[in-house]
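Here are my notes on the model, as numbered points. Please read them with the structure open.

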Amino acid sequence: MEYTRLGTTGLKVSRICLGMMSYGDPARWAWILDEKAAEPFVRRAAEAGVTFFDTADMYSLGVSEEVTGRLLREVFPRRDDYVLATKVFFPMGPGPNDGGLSRKHILSGIDASLRRLGVDHVDLYQIHRWDPATPVEETMEALHDVVRAGKARYIGASSMYAWQFAKAQHVAEKHGWTRFVSMQNHYNLAYREEEREMIPLCLDQGVGCVPWSPLARGLLTGTRERGAGRAEGRTVRAESDELAGQLYGEADFDVVDAVREVAAERGLPPARIALAWLLGKPVVSAPIVGATKLAHLDDALAAVDVSLTEEEIAHLEAPYRPHPVLGHS
């Protein structure tokens, strides 16, 4: 495993981050694994040198955090041996203050997450989305207080417009509050709209990107096929993933074909090629990889050692077609 700094911070993370959304309560989605089934994935990742794990309070409505905390305590001897990230924003209950980025919800949310995770701090506390209903000053001051209280070491953000991210960073700098060090954005070979504004901003500001859906929800691995103007699934996840049908369409299969061609020439699985492309981008610290089969994890681990040529990169990028902005809600 290789390690890198998260953006320009001193925090070192593994080049692969294991996404924990796939582990939690199977009653919520058919593809989610329970704690017993998830244990081999966390153990395999740790044995391979993965130290970066990402979850969120809303994954399985808190169960993912509980599973994540217990498994990491089993696998790692010390709390300082791994980097733990979680997120806040989406509703955790029916009440009007059970979601969003108000001071009330952020301070309640971090305490609840720490209880479920069974730790006294997280390394990276991220806002899961932008909250237009809360003044950004209120949000940034609350996040700063979370860091000052020792409950989080760093803060990060997730999918939003570049102007929103820049505004939040400016407000924090203006008041001497903690700034975001990472951006968890929607970025992969099939969706590259982040290259227009967000990625140049992150490069300029020294913010590390930890992309979600690096394999386009399985599209780039070959688990979906052309059909009826949208992606038809060939796995349990693909067949039940309504969001994938909203994010990706027929035109994206031209990119899939290019990935398959490069993979065939290399004699490698398509997933390794798609992840190697992402890992080669200077702004990317670590893609967040979900795995419900050990082969998924093995491909991600092996992708760290794959270097693409300029010709291969050009071939992979050539079929891309612009998309509307997707993944901010």
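Does F89 count as buried or exposed, going by its relative accessibility?

1. F89. This is a predicted model. In it, F89 counts as buried, because its relative accessibility is 15% and the cut-off for buried is under 20%. F89 sits in the loop that links β5 to α3 (103–117). Its phi is near 160°. That is a positive value in a residue other than glycine.

2. S60. Phi is positive here too, near 55°, and S60 is likewise a residue other than glycine. Look for S60 in the loop between β4 and α2 (63–75). S60 is buried, with a relative accessible area of 6%.

3. Confidence. The average pLDDT of the chain is 93. A score of at least 70 is reached by 94% of the residues. Residues 228–232 need care: pLDDT stays under 50 there. For this stretch the model has 11 contacts beyond four places in sequence. Where pLDDT is low, predicted coordinates should not be read in detail.

4. The sheet. An open sheet is built from 8 strands, with parallel pairing. The order is β9-β8-β7-β6-β5-β4-β3-β12. The edges are β9 (208–209) and β12 (288–289). Each has a single partner strand, so one side of each is left without a neighbour in the sheet.

5. Strand pairs. β3 (residues 17–19) pairs with β4 (residues 52–54) over 3 bridges, in the parallel sense. Within that pair, C17 stands opposite F52. β5 (residues 83–88) pairs with β6 over 4 bridges, again parallel. K87 has Q126 of β6 as its bridge partner. Strand β6 (residues 122–127) is mostly covered, with 6 of its 6 residues buried.

6. Helices against the sheet. Helix α5 (residues 162–175) lies across β7 (152–158) and β8. The helix runs at about 165° to β8. In helix α11 (residues 294–303), the residues L297, D299, A300, L301 and A303 are buried. The buried residues of α11 pack against β3, α1 (35–47), α10 and β12.

7. Cores. The largest nonpolar core has 93 residues. F53 and M140 have the most contacts inside it. Helix α10 (residues 270–279) gives this core its largest share, 8 residues. A second, separate core has 12 residues, including L6, L11, A85 and V181.

8. M140. What does M140 touch, not counting residues up to four places away in sequence? The list is I155, A168, V171, A172, W177, T178 and F180.

9. N188. This residue lies in the loop between β8 (180–184) and α6 (198–205). N188 counts as buried because its relative accessibility is 0%. Which backbone nitrogen does the side chain of N188 reach at 2.8 Å? One is that of A190. The backbone nitrogen of Y191 also lies 2.8 Å from a polar atom of the N188 side chain. Leaving aside neighbours within four places in sequence, N188 is in contact with S213, P214, A216, L220, Y248, W277 and L278.

Definitions and conventions. Residues numbered from 1 in each chain as written. Predicted model: local features only at pLDDT ≥ 70, side-chain atom pairs only at ≥ 80, totals over all residues. Heavy atoms only, no water. Helix = DSSP H or I, 4+ residues; strand = E, 2+ residues; numbered from the N terminus. Buried < 20%, exposed > 50% of the residue type's maximum accessible area, 1.4 Å probe, protein only. Polar contact = N/O pair within 3.5 Å; in protein donor to acceptor, adjacent residues only side chain to side chain. Contact = heavy atoms within 4.5 Å. pLDDT = per-residue confidence, 0-100. Pairing = 2+ DSSP bridges. Axes fitted to C-alpha atoms, helices over the stretch in contact; angles between N-to-C directions. Core = buried A, V, L, I, M, F, W, Y, C linked by side-chain atoms within 4.5 Å.
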